[in-house]
Amino acid sequence: KVVAVIMVGGPTKGTRFRPLSFNTPKPLFPLAGQPMVQHPISACKKIPNLAQIFLIGFHEEREFTLYVSAISNELKVPVRYLKEDKPHGSAGGLYYFRDMIMEDSPSHVFLLNCDVCCSFPLPDMLEAHKTYGGMGTMLVIKVSAESAHQFGELVADPTTKELLHYTEKPETFVSDLINCGVYIFTPEIFTAIQDVSMHREDRANLRRVSSFEALQSVTSRALPMDFVRLDQDILSPLAGKKKLYTFETMDFWEQIKTPGMSLKCSALYLAQFRHTSPHLLAAGDGTKSAMICGDVYVHPSAKVHPTAKIGPNVSISANVRIGAGVRLISCIILDDVEIKENAVVIHSIVGWKSSIGRWSRVQASPVMQFRYSAEGDYNAKLGITILGEAVTVEDEVVVINSIVLPNKTLNVSVQEEIIL
Ligand code: GDD
């Protein structure tokens, strides 16, 4: 048997995703019309002998419990949400729930970050992992040398694919091969995590006997014993020890830390639907339904006027109303939004229950589309416009490259502004 664990983090983790993570936990934010976490969940369905999927995080239980029971029924695979009382780190969280994860004595455990967007080639990873014979295999990809520092950089043996060297977000360039945040392990991973926290305890005890002062200066910086990071504490020290191997993907891969990236990832998942789930993509010729161009998702409950023109890269969530003559390009329209006649929305995310007036424009300059600073600072020039929840844009108002926080009404046009 095989089980899969998806790390969903918690409210202190999704801060760069504001204002979209104020009311909806980031893992449930829709990409291509499905919650972010549903894309890895659907990919897990393809793993042979999959027994269970666990989501581990420290988000409030309520929303996740509702979501996991719905998706378990839909996919006919048991999905459970396990809530940590506090953050334990990406490996510590896994270790914390080891008894539940190992309940059915699985031979392999998949571990996935929820904030990555890729094709999740899990069955191929499993096959490769079995031939390598190590403790773990990680998905890796080549990226541009300029962007590599935002990720874990690594060196792998070109023939055996063994992980030889690993550094998490290094300041000086190591390699353009990076960690995708998707792993498969044998149960030996639990012993490896336990060793890290035991060493930490030993060191803390040593300090305690050696000097009170040393203890004070060191433990203030030291991590709690049960906080273990997969990258720094496990991957770095085990590189070059014939325990970890790499599997390189040639498909798409992106990390989803900012709202701007969610627009790009929505496009990638919509494009993937062409091969995996074409029934989810809208088709329309402007006669009875709206004119559709490119990849578009429209929730069945949304009402779109036949004279509207939609796409490419548009996803429209539940109960949205789109008026006559509306034009939508590259945007995510969240639940219960109303877009009135002849409004235009381009390169934007429109928050839940917002309303956009007649002849209004909500847009970003396409040249800067998807640009975001490495620090994830959304004050930096964005190339995206984001309306938080319940924002009203009145008739004939133009909103360009701006972020509007929830519950605001705009009655004058704005450009390059953050409306607090
Ligand atoms: N449950 C739980 N508890 N989840 C956590 C915790 C925790 O204490 N800390 C982080 N996570 C989750 C996050 O939600 C995310 O899905 C994943 O673990 C990794 O998050 P971080 O540890 O913050 O690392 P990162 O996203 O900056 O970078 C990692 O992923 C990159 C790929 O996306 C590193 O492994 C990089 O090397 C890698 O390139």
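Me: In which loop is the place of proline 312?
Reply: This is a predicted model, in which local features need a pLDDT of at least 70, side-chain atom pairs count only at pLDDT 80 or more, and totals for chains, interfaces and linings use all residues. Residues are numbered from 1 along each chain as its sequence is written. A cis peptide bond, with omega about 0°, joins glycine 311 and proline 312. With strands taken as DSSP runs of E of at least two residues, and helices as runs of H or I of at least four, all numbered from the N terminus, proline 312 has its place in the loop between β17 (309-310) and β18 (314-316).

Me: Which residue does a cis peptide bond join to arginine 18?
Reply: Most peptide bonds are trans, and most residues other than glycine have a negative phi. The cis bond here has an omega of about 5°, and the residue joined to arginine 18 is proline 19.

Me: Is phenylalanine 120 buried or exposed?
Reply: Phenylalanine 120, in the loop between β7 (116-118) and α5 (122-132), has a positive phi of about 40° although it is not a glycine. A residue is buried if 20 or more other C-beta atoms, placed from the backbone, lie within 10 Å of its own, exposed if 12 or fewer, and partly exposed in between. Because phenylalanine 120 has 26 C-beta neighbours inside 10 Å, it counts as buried.

Me: How many C-beta neighbours does asparagine 401 have inside 10 Å?
Reply: Asparagine 401 is found in the loop between β27 (398-400) and β28 (403-404), and its phi is near 45°, a positive value in a residue other than glycine. Asparagine 401 counts as buried because its number of C-beta neighbours inside 10 Å is 20.

Me: Which element gives the largest share of the shell around the ligand?
Reply: A residue is near a molecule if its C-beta atom, placed from the backbone, lies within 6 Å of it, and of the 26 residues around the ligand, Gly9, Pro87, Phe151, Gly152 and Gly181 come nearest. The elements that give two or more residues to this shell are β1 (2-9), β4 (50-57), α3 (89-96) and β11 (177-185). The largest share is four residues, and it comes from β11.

Me: What average pLDDT does the chain have?
Reply: pLDDT is the predictor's confidence in each residue, from 0 to 100, and it stays under 50 over residues 216-220 and over residues 368-380. Where pLDDT is low, the predicted coordinates should not be read in detail. In this chain 90% of the residues score at least 70, and the average pLDDT is 91.

Key. Two residues are in contact if their C-beta atoms, placed from the backbone, lie within 7 Å.
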